[in-house]
Each structure stands twice: as C-alpha cells, then as structure tokens.
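Here is a short report on a protein model. Look at the sequence and the 3D view, then read on.

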Amino acid sequence: MNVTGELLPLALGVAISPVPIIAVILMLLAPRAGGTSTGFLIGWVAGVVIATVLFAMLAEAVGLESGGQPSAVVSWIKLLLGVVMLLLAIKQWKARPKEGQAPKLPAWMAAIDKMTPGRSESIGFLLSAVNPKNLAMCVAAGVAIAQGGSHVLPLVVFTVIAVSTVAVPVIAYAVAAERMRGPLNSLRYWLEHNNATALSSCCSCWAWCWSARVLEDCDGAA
C-alpha cells in the first residue's frame, strides 16, 4: 500500500479549510497578532496530530493494521466517510450566500480583537480535531497510517501538509508583517465570499473519491 498516496488527498482535505484560514488572517490583522495567531496555530497542529494518532491507535487495536487486501471494515469506513462528505457538501451548498447577500461567519470571529492566546489555541484545536470534515480526514489518515506499518514519517508528512495553509500566513506575517497586510486582506475577502461554495465542491470531490476507492477495493477482493 502506498501510504503517501493515501495521505496526500486527506492532508489537502484538512488544509482546504476556509474558516480556520479566515480566522488566522483576522487574528494577524488584530492588535494581538503574534500571540493569538501563534496560539491558534499550536492548537490547530495539536488537534490534527492528536486526532490522527488516536484513530491510528484505534485502527491497530481492532486489527486494521495488517497489509494485503483492504478489509471489509476499512471499505465500510471509507464508504461511511464518503456519505459524510456528501452530506457536508449538500449542507455547504445550501448555506452559500445568495447573490448580493453578505456572507455569514461564525459569531466567535467578531470577538477576535479581544481574544487571548489561550482561547485562540482552544479554537484552533476544536476546528481541526472536532470539525466534521477535518475529523473525517483524520479518521481516514489514521487508518491509512495503521495499515501502512510505518508511523512517524507518514504522520509528519500528513501533519505538515494539513497545517500548511494556517502555518504559512503566520510565518509569513512574522517575517514581513506590513507587506503581508494587503495580500491577507484580499485573501480574507475572497474566502469569506466563496467559503461555502469551495467547501461544497471539495466535499463532493472527496465523497466521489472515497466511493471510487470502495469500488476499487471490492474489485480487488473479487
């Protein structure tokens, strides 16, 4: 099994998360930019790592780590995740703002200016480890890592790619704060207005991919 090939689309699935990217941009443009954005990044990384490791350990505990042909349990997990992605795609599509309507963002974003590093860390953790889309990606990644045999390197590769879209703005702002204000504002505006459409399209794609993988597994087992 090519573990990296399994993990790459899953890591991109976590990375393509407009709400956390918008949140970290708003933090970088707020008065407490350094503390809150760093706290958010730490929570985001911790959530991805903890969720993935937890499900990798759980997969090993129930005997999904063996090589060879994918088991029926793994195929059912992929099918279930595909259904979850399809439902999320429908939900996001229905939630997209109508023409001329202002995008609706989570209420907690209004308090970002007054947010402490500790609270931003908690929000980062929840958005990465508890958010349904990201949790589904971490479940699939954990199972893939358990089946691959090797653990540390695949986990590092998955985590680095998954957190990159939150980490890059934080690092770039730390290096060149003033130069990044304009691009960050433009990116925030685009994400705010295209958040639901982008997520719906991505979730539909992942639902199709996981369904196709289940069919592949069934053909291979036949």
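Helix 7 covers residues 152-175. A straight helix of 24 residues would span 34 Å at 1.5 Å a residue. Helix 7 spans only 30 Å between its end C-alpha atoms. This model is predicted. Where does helix 7 bend? The bend is at serine 164, and its angle is about 65°. Helix 7 also has buried residues, including Pro154, Leu155, Phe158 and Thr159.

Now turn to the aromatic rings. How many aromatic pairs does a search of the whole structure find? The search finds 1. The rings belong to phenylalanine 40 and tryptophan 44. A pair of aromatic rings is described by the distance of the centres and the angle of the planes. Here the planes are at 10°, under the 30 degrees cut-off, so the pair is stacked. The table gives both values.

| Ring pair | Centre distance | Plane angle |
|---|---|---|
| Phenylalanine 40 and tryptophan 44 | 6.4 Å | 10° |

Both residues of the pair, phenylalanine 40 and tryptophan 44, sit in helix 3 (residues 33-61). They are 4 residues apart, about one turn of the helix. In an α-helix, residues three or four places apart point the same way, because there are 3.6 residues a turn. Are phenylalanine 40 and tryptophan 44 buried or exposed? Both are buried.

Glycine 118 is in helix 5 (residues 117-129). Its relative accessibility is 43%, so glycine 118 counts as partly exposed. Glycine 118 and phenylalanine 40 are 78 residues apart along the chain. Their C-alpha atoms are separated by 8.3 Å.

Conventions
Residues are numbered from 1 along each chain as its sequence is written. This is a predicted model: local features need pLDDT of at least 70, side-chain atom pairs count only at pLDDT 80 or more; totals for chains, interfaces and linings use all residues. Side-chain values use heavy atoms; hydrogens and water are left out. Helices (H or I, at least four residues) and strands (E, at least two) are DSSP runs, numbered from the N terminus. The expected span of a helix is 1.5 Å times one less than its number of residues. The bend at a residue is the angle between axes fitted to the seven residues ending there and the seven starting there. Buried means under 20% relative accessible area, exposed over 50%, partly exposed in between (1.4 Å probe, protein chains only). Rings of Phe, Tyr and Trp (its six-membered ring) pair if their centres lie within 6.5 Å; planes under 30 degrees apart count as stacked, over 60 as edge-to-face and the rest as tilted.
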